[in-house]
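This briefing sets out selected features of the structure shown below. Please read it alongside the sequence and the coordinates.

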Amino acid sequence: MRAPSFLRVERRTAPSPRVVFGVSLLAILVALIAAGIFFQVYGVSPIRAYGDILRGAFGSRLGLTETVRRAIPLLLCGVGLTIAFRALFWNIGAEGQLLIGATAATGIALFSGLPGPLLLPVMFLVGFAAGALWGSIPAALKAKLGINDVITTLMMNYIAIYIVEWLIHGPWKGPTMRGFAYTDRFPAAAILPTIGITRIHWPTLLLGLALTVLAFVLVKRTRWGFEIRVVGENPHAARFAGISHFKITVLAMVVSGGLAGLAGVGEVAGIHHMLLGPTHVSMGYGYTAIIVAWLARRNPLAVIVTSLLFAIIMRGGDVIKVTLGLPFQLVNVFNGLILFFLIGSEILMRYRIRLAPRRA
Amino acid sequence: MTDSRCDPKIGLPDDVTSEQGCTGNGGTLDTAADCVIQLRGIVKRFPGVIANDSIDLDVERGEILCLLGENGAGKTTLMRILYGLYQPDAGEIFLNGRPIRMSSPRAALGHGIGMVHQHFRLVPTLSVEENIVLGLHEGRGPFLNPRKTRKKIAKIAEDYGLRVDPRAKIWQLSVGQQQRVEIIKALYREADILIMDEPTSVLTPQEVDQLFATLRTLVDDGLTIIFITHKLDEVMAVSDRVTVLRKGKVVATVPTAQTDKRALARMMVGREVVFRLEKMPLDRGERVLEVRDLHALNDRGVPALRGVSFDLYAGEILGVAGVSGNGQQELSEALAGLRRTSKGSAVLLASDLTRCSAREIADLGVAHVPTERIRMGTVPNMSVRENLILKSYRRPPFCRWSFLDQRAAHLNACRAMEEYAIMAPDDRTAAKLLSGGNIQRLVLARELCGEPRFVIAAHPTYGLDVGATEQVRQVLLAQRDRGAGILLISEDLDELLTLSDRILVLF
């Protein structure tokens, strides 16, 4: 197949930020159109569906706050993933790192016996450490033994999921929960304050925003960020320059897993106030965050915007279910479509189409 | 140089060439002389550059035509157009006087044009015969016909002296043997015009001689060969005629017998080139490096260094010669801390390099110009500025309290770009956009700053054009005169003989 003779396809040397932004926007737009087909198939006008979703996300105070509270775990996981991806470590395991962080925080909240004021800070610290540990296992396996990171991080999600299942059905099952598979409720001192009656647990939100800025500084301004980029861009040059592949990979995954762990702490301490089934704790935040980080083009600051965007989509899932009576899973279809077009658009960015000058 | 015998009628209407293959109507050329291929007015633009600027080229049947030019002169682009890998923005290709359009390499092969790329297109884990038949449909249905394949390969091997075991896997073969496979691949597809893109750049001198003999046999058998190179000696040794390109334009086409190296160099570079370097008398200082009984394994776990011992003194260049694969690579890597040694020592002013990490060795004042300057020496997607601090980013002034100082890095880049004449729009340009010569200058600028005591230079001019080579050599001599001890690993014997004060042979 050839382009018409008056058009010419040229390779771009380096796409400018404007091009990256424009193409990303285009990818989302195309995904919206493609998802519209699904709405049409269900007999719902896509325009009405998107209108309802937007109204659901922004139209009411409840909608707005529900959107923001979903953005919190996406932000924390997404920012972490930008760092891992920069080191060319394909962390598919934010979901598991989040769950492990939530589990560790639950352990502290219920069983540590720490005095009240210390409880929350220690929960965050331990949650970070647990996520970091969970993330650094695949990192060490890759750096030392060359074991594929996609597979190990993905598999460790399932381990985390079953650990949570086992705990809530077994040793941590709450005696006061009348047979439900929950742990007991957290003591009051282990529950995060929220803004008014909303579910926005603001300490986690502030922590997330602060860490986003910190991650940006880490990547762009410090020697570690430089090392992470060198390892990610060219491991041979990294070795040549005496940068330890092992140390940098583990460092990137400590940050990435740790941030996901914090997201888990926020969910149990801010929303649920207990540990419960893994799909309730997370709702796939760790997976959606992969798209969030990718759409942000691995820039931590941009994650603030992209996490909000995907929070709207997740909130849209509620609307789809409640208002339109369609299955919630459409959200996953939608996420998949966005990722699909986003990755597909990568190749577009490297070319441009121009009017060809007339042949001499 | 321009004779009218090959002049085509130019300015054909577009529709004549738009159909694939020979249309055979009014577009045919007057082929009084025996021109197999004629290119007319070929133009190819890339963003920011004109790689080919209305190039005319005639290739006569049964000749070896050299396409000579510096890196970036447009040689490879032109041949990729002929081979159907690129489409020209303007211009026409005539095969045996008829206009054709090369829509793809498959079309080119259909017209009997084969190409041996500079970087081979072979699948390492497949066998020789599997690589040769890859992409062909000759057996019945989905099945291969190994017996027939093997017979045909054997015939080609015998006819042209291209001996290689058809059942060997590609990764087991030496580079020279892999190139033979590429040639057989083209001949197997019954190519009668062979484009060789810098075929000698990966070969040892012995292998080069062998290749030239093969090319002669091929030409005697009626094949036509286009030989891309930037090496003057090769032009003189192998070609019948030579076309010189400079900055995307044809400078001249001359019969090889009627020219010489100096004239060719002038055409190629556009100015006089100094072949003799000014070299100061040796002023040998104290001993810098003492290597004793060094042992190391290569990547396959086979001993590559078996008891290497030598001394290196300040202010001298010690050349390392030897057939490639004799441990040069392993020696440079061992001394740079990139390869573990199994026995022996290498003492640089009281510290044993075999016990140090790559970082510690760099901090001791060891500069390393690696063989693979793009893969190892640079981070292609990062800027020139960042690449220039790849080894010193941890130290002041570039790093304070773990924060990188962009301003210091910028100033450093400006100084280095000026001192080493690194051509780039600015220091934020990605390193991958630089030409080979500029990348090597970047690596040198980075490695040689801070007055290193010991310089490992592995194939420092490999693949560089005449101008860049001259400059790199002068830089190395300047380091020597300043008092650095230099270990120069090279396969270019001329280079070793010109630059070295002593020569070490690895075998």
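The model is predicted. Chains A and B touch through 21 residues of chain A and 27 residues of chain B. Chain B holds an open sheet of 4 strands and a helix, α13(B), whose buried residues line one face.

- Three elements of chain A, namely β1 (7–11), α8 (223–233) and α9 (235–240), each supply at least two residues of the side that touches chain B.
- The most is given by α8(A), with 5 residues.
- By residue class, this side of chain A divides into 9 charged, 7 nonpolar and 5 polar residues.

**Open sheet of chain B**

- The strand order is β2-β1-β4-β5 (chain B), and the pairing is antiparallel.
- At the edges stand β2 (49–60) and β5 (98–100) of chain B, each of which pairs on one side only.
- On average, and with direction ignored, neighbouring strands of this sheet are turned by 25° against each other.
- Within the sheet, β1 (residues 35–46) and β4 (residues 90–95) of chain B form an antiparallel pair over 5 bridges.
- Arg40(B) has Glu92(B) of β4(B) opposite it.
- Helix α2 (residues 75–82) of chain B lies across β1, β2 and β4 of chain B, and its direction is at about 115° to β1(B).

**Helix α13 of chain B**

- This helix comprises 14 residues, 406–419, and spans 20 Å from its first C-alpha to its last, close to the 20 Å expected at 1.5 Å a residue.
- Its buried residues are Ala409(B), Asn412(B), Ala413(B), Ala416(B) and Met417(B).
- Viewed down the axis of α13(B), these buried residues fall within an arc of 130°, so they line one face of the helix.
- They pack against α12 (384–388), β18 (403–404) and α14 (436–448) of chain B.
- Arg407(B) and Glu418(B), on the other side of α13(B), are exposed.
- Just after the helix, Ala421(B) adopts a positive phi of about 55°.

**Phe334 of chain A**

- Phe334(A) is part of helix α14 (residues 330–349) of chain A.
- Phe334(A) counts as buried because it has 23 C-beta neighbours inside 10 Å.
- Leaving aside residues up to four places away in sequence, Phe334(A) touches Ala35(A) and Ile313(A).
- Although Phe334(A) and Ala35(A) are 299 residues apart along the chain, their C-alpha atoms are separated by 6.0 Å.

Technical notes
Residues numbered from 1 in each chain as written. Chains lettered and ligands numbered in written order. Predicted model: local features only at pLDDT ≥ 70, side-chain atom pairs only at ≥ 80, totals over all residues. Expected span 1.5 Å × (residues − 1). Buried ≥ 20, exposed ≤ 12 C-beta atoms within 10 Å, placed from the backbone. Arc of directions from axis to C-beta. Contact = placed C-beta atoms within 7 Å. Nonpolar A, V, L, I, M, F, W, Y, C, P; charged D, E, K, R; others polar. Pairing = 2+ DSSP bridges. Axes fitted to C-alpha atoms, helices over the stretch in contact; angles between N-to-C directions.
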